[in-house]
Amino acid sequence: MDTKNVVELQSAVIEEIRKIEAARAKATISADIPALDGILSDDLTWIHASGNSDTKSQWMKKVESKIVKYLAITFDEVKYRVFNETVIINGKGSTSVFHHSAVDNFNMSFTAVYVKMDAGWKIVTMQVTKIL
């Protein structure tokens with residue numbers, strides 16, 4: 001495949017992942033469990049800004065039960081790297097989340113990894129770090 005075709009293919013993949021990430025943020029804020037179920041890999045590992053981690057099932061139960069309620073999620077300075085069937089995203093953003101009876105607003109840096117599976121692109125890991 002020539003360089004032009006590789007660049008076009010990577011651009012198409014990045015655009016698809018951008019749309020999925022926007023849908024994931026929207027579904028997280030609205031606690032749309034069916035939408036999240038379609039985006040998150042069954043073997044997801046989610047590492048929170050606190051350092052605690054959740055599986056897909058654990059995290060979705062928290063979102064569904066409103067133990068954790070995401071109020072806003074924004075992404076800035078996002079970089080996508082495409083490696084065949086894997087996309088690594090590094091970026092910064094901000095979030096507002098209600099948990100432990102309080103709202104926590106913070107800036108973050110994050111890494112997300114998507115893998116193309118039979119059912120499409122799925123996020124397999126997410127790690128969030130608070131920017132102090």
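Here is a short tour of a predicted model, stop by stop. Because the model is predicted, local features need pLDDT of at least 70 and side-chain atom pairs count only at pLDDT 80 or more, while totals for chains, interfaces and linings use all residues. Residues are numbered from 1 along each chain as its sequence is written, and side-chain values use heavy atoms, with hydrogens and water left out.

**Stop one: the rings.** Select Trp46, Trp59 and Tyr70, which ring pairs link into a cluster. Rings of Phe, Tyr and Trp (its six-membered ring) pair if their centres lie within 6.5 Å; planes under 30 degrees apart are stacked, over 60 edge-to-face, the rest tilted. The structure holds three aromatic pairs. In one of them, Trp59 and Tyr70 have ring centres 6.1 Å apart and planes at 55 degrees, so this pair is tilted. Trp59 belongs to helix α3 (residues 56-65) and Tyr70 to strand β3, so the pair ties together parts 11 residues apart in sequence. Helices (H or I, at least four residues) and strands (E, at least two) are DSSP runs, numbered from the N terminus.

Now colour by relative accessible area: buried is under 20%, exposed over 50%, partly exposed in between (1.4 Å probe, protein chains only). Trp59 is buried at 1%, and Tyr70 is buried at 11%.

**Stop two: Val115.** Jump to strand β5 (residues 102-117), where Val115 lies. Val115 is partly exposed at 22%. Setting aside neighbours within four places in sequence, the contacts (heavy atoms within 4.5 Å) of Val115 include Glu85, Trp121 and Val124.
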